[in-house]
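Subject: A structure for you to look through

Hi,

Here is the structure I promised you, with the sequence alongside. Have a look at it first, and then read on for what was found.

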Amino acid sequence: MTLTPSTARLAFLEQASQRILITDGAFGTEIQNFKLSEADYAGTLGLTKDQKGNNDILALTKPEVPESIHRAYFNAGADIAETNTFSANRISQADYAAEHLVREINVESAQLARRVADEFTARDGRPRFVAGAIGPTNKTLSLSPDVNDPGFREIDWDHLVDVYAEQVHALVEGGGADFILIETVFDTLNAKAGVMSVRQVEKELGREIPIMMSMTLTDLSGRNLSGHTVEAFWYAIRHAKPLTIGLNCSFGATQLRPHVKALSEIADTLIMVYPNAGLPNELGEYDEMPATTAGLVKEWADHGQVNILGGCCGSTPAHIAAMAQAVKGLPARQIAVPETATRLAGLEPFIMAA
């Protein structure tokens with residue numbers, strides 16, 4: 001089956017060849033600044049469970065909140081809006097008894113981001129893009145939640161693919177997202193289910209849906225929760241030919257330095273990194289100032305290791321503005337051209353000698 005190519009992919013690659021692009025920053029910590037009550041989250045939807053903390057549902061009950069955050073990041077210099085849909089899937093929304101609203105949440109969130117992105121593009125002619133964000137869910141395919149039963153899984157592959165496909169379809173077909181961002185990957189198998197869901201929706205719609213992928217590290221040795229190193233993760237998902245590969249969340253930029261370097265040297269696609277604004281303090285708040293974060297990520301740009309930069313937990317529009325200013329005029333990373341070899345992945349990478 002021949003798919004209609006993505007015009008957004010081509011436009012994105014053109015922009016990325018000219019400069020370092022900027023994605024947006026944190027949503028959760030920005031939403032906290034609005035001091036919303038449970039009634040604000042719940043609105044008039046008649047849901048039976050407490051909705052406080054269900055950030056995704058604000059697309060339906062308080063759309064002015066995510067809209068104002070998108071505007072703030074675009075004003076700060078962002079080229080990409082990530083939809084406020086990190087937990088907008090059937091599995092995560094079950095915690096709020098809001099599973100029946102999953103499609104509506106994703107459609108509204110993506111349409112909101114699309115509208116603001118197109119508005120900013122119309123102002124100055126610079127393309128803005130919308131990445132439909134899908135998070136890892138709160139379940140894992142690789143690990144058992146029961147230490148007494150290592151073989152137990154709360155979900156299976158087919159179920160997770162179906163859950164993701166519902167979200168992908170709503171973001172792309174219903175909301176107009178340019179790309180699907182499979183982010184904060186703590187379980188590589190979950191990420192593969194996300195890839196499969198995108199491929200299914202591509203066939204259904206008859207058009208290409210570019211994938212962005214972003215891994216999160218859960219310990220300082222440079223592994224995710226399912227145990228994969230950065231290099232092993234890349235070899236495990238390279239077949240998906242993602243538009244971007246990278247790292248997000250994790251620790252802060254300082255701790256990510258060696259892992260960004262390693263990924264940059266082997267990935268034959270664009271590198272996107274959006275770290276936390278340092279590590280949280282004892283109160284769970286982030287103290288790293290915008291100039292500090294910007295200075296740290298600029299080091300990656302100075303060494304030709306990144307194509308897209310942004311922020312995760314604790315980052316603000318001020319952080320994004322500082323990053324945009326710090327890398328302005330710097331050349332984008334040249335995509336790596338690795339030698340032809342058989343590259344496999346267990347928890348460690350394996351390269352078969354010629």
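This is a predicted model: local features need pLDDT of at least 70, side-chain atom pairs count only at pLDDT 80 or more; totals for chains, interfaces and linings use all residues.

Strand 6 (residues 244-252) and strand 7 run parallel to each other, paired over seven bridges. Helices (H or I, at least four residues) and strands (E, at least two) are DSSP runs, numbered from the N terminus, and two strands pair if DSSP finds at least two bridges between them. Residues are numbered from 1 along each chain as its sequence is written, and side-chain values use heavy atoms, with hydrogens and water left out.

**The sheet**

Strand 7 also has a partner in strand 8: residues 270-276 and residues 308-309 pair in the parallel sense over two bridges. Here M272 stands opposite I308. Strand 7 is mostly covered, with seven of its seven residues buried. Buried means under 20% relative accessible area, exposed means over 50%, and partly exposed is in between (1.4 Å probe, protein chains only).

These strands belong to an open sheet of eight, in the order 1-8-7-6-5-4-3-2, with parallel pairing. At its edges are strand 1 (21-22) and strand 2 (80-82), each of which pairs on one side only.

Further along the sheet, strand 4 and strand 5 are parallel partners over four bridges, and I180 has I211 of strand 5 as its bridge partner. Why is strand 5 largely enclosed by the rest of the structure? Five of the five residues of strand 5 (residues 211-215) are buried, so the rest of the structure largely encloses this strand. Both of its faces are covered, with I211, M213 and M215 buried on one side and M212 and S214 buried on the other.

**The cores**

In soluble globular proteins, nonpolar side chains tend to be buried together. A nonpolar core is a set of buried Ala, Val, Leu, Ile, Met, Phe, Trp, Tyr and Cys residues joined through side-chain atoms within 4.5 Å. The largest one in this model has 78 residues, and I180, I182, M213, I245 and W300 have the most contacts inside it. Helix 8 gives this core its largest share, eight residues. Apart from it lies another core, of 17 residues, including F12, A16, F179 and L270.

What does I180 touch, not counting residues up to four places away in sequence? Its contacts (heavy atoms within 4.5 Å) include G132, I134, V168, L171 and V198.

D178 lies in the loop between helix 8 (157-174) and strand 4 (179-185). Is D178 buried or exposed? With a relative accessible area of 17%, D178 is buried. Leaving aside neighbours within four places in sequence, D178 is in contact with A8, R114, R128, F129, V130 and P210. R128 is 50 residues away along the chain, while the C-alpha atoms of D178 and R128 are separated by 9.9 Å. With R114, the side chain of D178 makes a side-chain polar contact at 2.9 Å. A polar contact is a pair of N or O atoms within 3.5 Å; within protein, one must be able to donate a hydrogen and the other to accept it, and residues adjacent in sequence count only if both atoms are side-chain atoms.

R123 lies over the face of F120, at 4.2 Å from the ring centre. A charge sits over a ring if NZ of Lys or CZ of Arg is within 6 Å of the ring centre and within 35 degrees of the ring normal.

Most residues other than glycine have a negative phi. T184, which is not a glycine, has a positive phi of about 50°. K241 is another residue other than glycine with a positive phi, near 50°. T184 is found in strand 4 and counts as buried at 13% relative accessibility. K241 is in the loop between helix 10 (230-237) and strand 6, and is exposed, with a relative accessible area of 66%.

Enjoy exploring, and write back with any questions!

Best wishes
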